[in-house]
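Please open the model in your viewer and keep the selection tool at hand.

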Amino acid sequence: MKIRKERRTAKRIFITAIIIVAISVLSIVAWYIYHQFNSENTAKAPAAVEKVIPRPVSLKSDVMTTGNIFWGRYMNDWAMASPLKYEYPFSRLNEFERDKYDAWIAGLECPTKSGVHMTSAEMEVALQFNCSPEYLPEAAKWFNIVSLANNHTDNQGVDGFAETQEALDKNGIQYFGHYDPRALNDICEVISLPVTVTSSDDSITKGNLPVALCGYHGVFRIPPTESLELMEKYSKIMPVIAFPHMGVEYQPAPDELKTSVYRSMIDHGADMVIGDHPHWVQTTESYKGHLIVYSMGNFMFDQQDTPEVVRSAAIHILIQTDKADKSQLSKWLSLGDKCKSYHDTCLEQAESEGLTKLPLTYKFGVVGSNDANKITKPATAEELTSILQRMNWQSTMNQLQPPYSSL
């Protein structure tokens, strides 16, 4: 019995030993396979890919500058008689295909003071205008930027002018210029011009480019030389567009004085001169290869008595670059988002950041309009032909020099 018991014990020990050895061998094999697999996968794993952030590589801005806009006096009467009310003056502007443009710029020829109750007849006799601020939410759907440099923005006094600026701010419309050409701090303003940006990954986004717009009211006095010299400091670093408001009214061409002043604006750094005030379309010219438009005519006005006062020539300006230094372009666009406030410090910021002038090109075209029958709409083909003839447009385009050319 004792021998049999000892044999069973030895057998259990032997079996246990076999099991332990087997488990050990399996553990070693499993460990080897695990580490071999991980080693192979680690060797085959691709290197981490650094994420590339798209950078702006080019930009363009389709801009339409129009003749004077105005919704006071009799236009307000027509609007209030219409079921459209404050939408009325703008109700056919969709026919100009607004979505094709990044920005519209116009001369606002009236203050927008609240609580003014003059009749249209009283405004006409006194030539003292006002445009109700109730129209501004609708105007802001079309116009990004307005010039206040004309002979009517002071018609409701200093307080009315300040209230106009406040109302424009409230409605997100940028502005520049002053009714007094001696107010040197208010002549030029760096604005945020809306642009379309293409990035290195071919994505398309919207942005803003700092551009200097300078308004000159010269109806009662010639803008002083020091006001023209202001453009020089801007032109060293950014685009400059001059928007003068002067000249003899109801004439097909400028007089010698107006021609001299507008040419002087080019001499002092303006890339182009886009004028209004005479209420008629006037001629254009190429001066030193730059475009001068002497008068665009009425874009939105209540004058209705002759074919001359109801037609106008809006100027289509295509601004673009695909040759800019990518770092500079990025910095300009970053700064552009900060230039929407009046009297901002964008010029000083650009200088402090060491920004240089972008290699922009400018192409020009004409968009004809007609506001006969009390509403602004596109000109007919026949009307546009007549407008282009008055402007001597093709001859002017042929004489432009790079970076300026025709669309």
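Begin by selecting Ile315 and Phe364, which touch the most other members of the largest nonpolar core, a set of 71 residues. A nonpolar core is a set of buried Ala, Val, Leu, Ile, Met, Phe, Trp, Tyr and Cys residues joined through side-chain atoms within 4.5 Å, and buried means under 20% relative accessible area with a 1.4 Å probe, protein chains only. The model is predicted: local features need pLDDT of at least 70, side-chain atom pairs count only at pLDDT 80 or more, and totals for chains, interfaces and linings use all residues. Residues are numbered from 1 along each chain as its sequence is written, and side-chain values use heavy atoms, with hydrogens and water left out.

Leaving aside neighbours within four places in sequence, Ile315 is in contact (heavy atoms within 4.5 Å) with residues including Val63, Ile274, Phe364 and Trp393. Apart from this core lies another, of 37 residues, among them Phe161 and Met300.

Next, select strand β7, residues 204-217; strands (E, at least two residues) and helices (H or I, at least four) are DSSP runs, numbered from the N terminus. Eleven of the 14 residues of β7 are buried, so the strand is largely enclosed by the rest of the structure. β7 pairs with β6 in the antiparallel sense over eleven bridges; strands pair if DSSP finds at least two bridges between them. In the hairpin of β6 and β7, Asp202 takes a positive phi near 70°.

Finally, select helix α9, residues 326-336, whose buried residues include Leu329 and Trp332. Among the elements covering these buried residues are β7 and α10.

Conventions. Buried means under 20% relative accessible area, exposed over 50%, partly exposed in between (1.4 Å probe, protein chains only).
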